[in-house]
Amino acid sequence: FFVEANINNVMETKAMLGCYEFIFDLKVNFYKSCLAGIMVDEACLSRYAEMLNCVGYETSVSRSCHSY
């Protein structure tokens with residue numbers, strides 16, 4: 001799914017996936033997961049991927065990082 005690149009959306013996504021794990025008694029394998037960014041600064045994407053314990057996939061187009 002697509003969301004704006006900011007810290008709140010990263011934390012909400014992490015919480016939502018945690019709820020999924022709890023409700024369905026399944027595990028999300030974050031290590032095999034990938035976070036992709038469109039027009040997101042490479043450093044920002046890397047930081048968000050680290051927060052989710054997954055790999056960041058960089059694109060050729062970027063912009064500055066937003067930390068709301």
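This is a predicted model: local features need pLDDT of at least 70, side-chain atom pairs count only at pLDDT 80 or more; totals for chains, interfaces and linings use all residues.
Start with helix 1, residues 7–24. The buried ones in helix 1 are N9, V10, T13 and E21. They cover an arc of only 120 degrees around the axis, so they lie on the same side of helix 1. Here is the background. An α-helix has 3.6 residues a turn, so residues three or four places apart point the same way. And what covers that buried side? Helix 2 is included in the cover.

Now the length of helix 1. It has 18 residues, and at 1.5 Å a residue they should span 26 Å. The end C-alpha atoms are 26 Å apart, which agrees.

Look at T13 next. Its relative accessibility is 13%, and the cut-off for buried is under 20%, so T13 counts as buried. Where does its side chain go? The side chain of T13 reaches the backbone oxygen of N9 at 2.7 Å. N9 is itself among the buried residues of helix 1.

Both ends of helix 1 are worth a glance. At the start, a side-chain oxygen of N6 comes to within 3.1 Å of the backbone nitrogen of N8. Just after the helix, D25 has a positive phi of about 50 degrees.

On to helix 2, residues 42–51. Its buried residues are C44, L45, Y48 and A49. Their arc around the axis is only 135 degrees, which puts them on the same side of helix 2. On the other side, A43 and E50 are exposed. What covers the buried face? The cover includes helix 1, strand 1 (34–36) and strand 2 (55–57). After helix 2 comes N53, with a positive phi near 60 degrees.

In soluble globular proteins, nonpolar side chains tend to be buried together. How many residues make up the largest nonpolar core here? There are 9 in all: A5, V10, V40, C44, L45, Y48, A49, L52 and C54. Helix 2 gives the largest share of this core, 4 residues. V10 in that core is also one of the buried residues of helix 1.

So, to recap. The buried residues of helix 1 are covered in part by helix 2, and what covers the buried residues of helix 2 includes helix 1. That is the picture.

How values were computed
Residues are numbered from 1 along each chain as its sequence is written. Side-chain values use heavy atoms; hydrogens and water are left out. Helices (H or I, at least four residues) and strands (E, at least two) are DSSP runs, numbered from the N terminus. Buried means under 20% relative accessible area, exposed over 50%, partly exposed in between (1.4 Å probe, protein chains only). A polar contact is a pair of N or O atoms within 3.5 Å; within protein, one must be able to donate a hydrogen and the other to accept it, and residues adjacent in sequence count only if both atoms are side-chain atoms. The arc is that of the directions from the helix axis to the C-beta atoms. Contact means heavy atoms within 4.5 Å. A nonpolar core is a set of buried Ala, Val, Leu, Ile, Met, Phe, Trp, Tyr and Cys residues joined through side-chain atoms within 4.5 Å. The expected span of a helix is 1.5 Å times one less than its number of residues.
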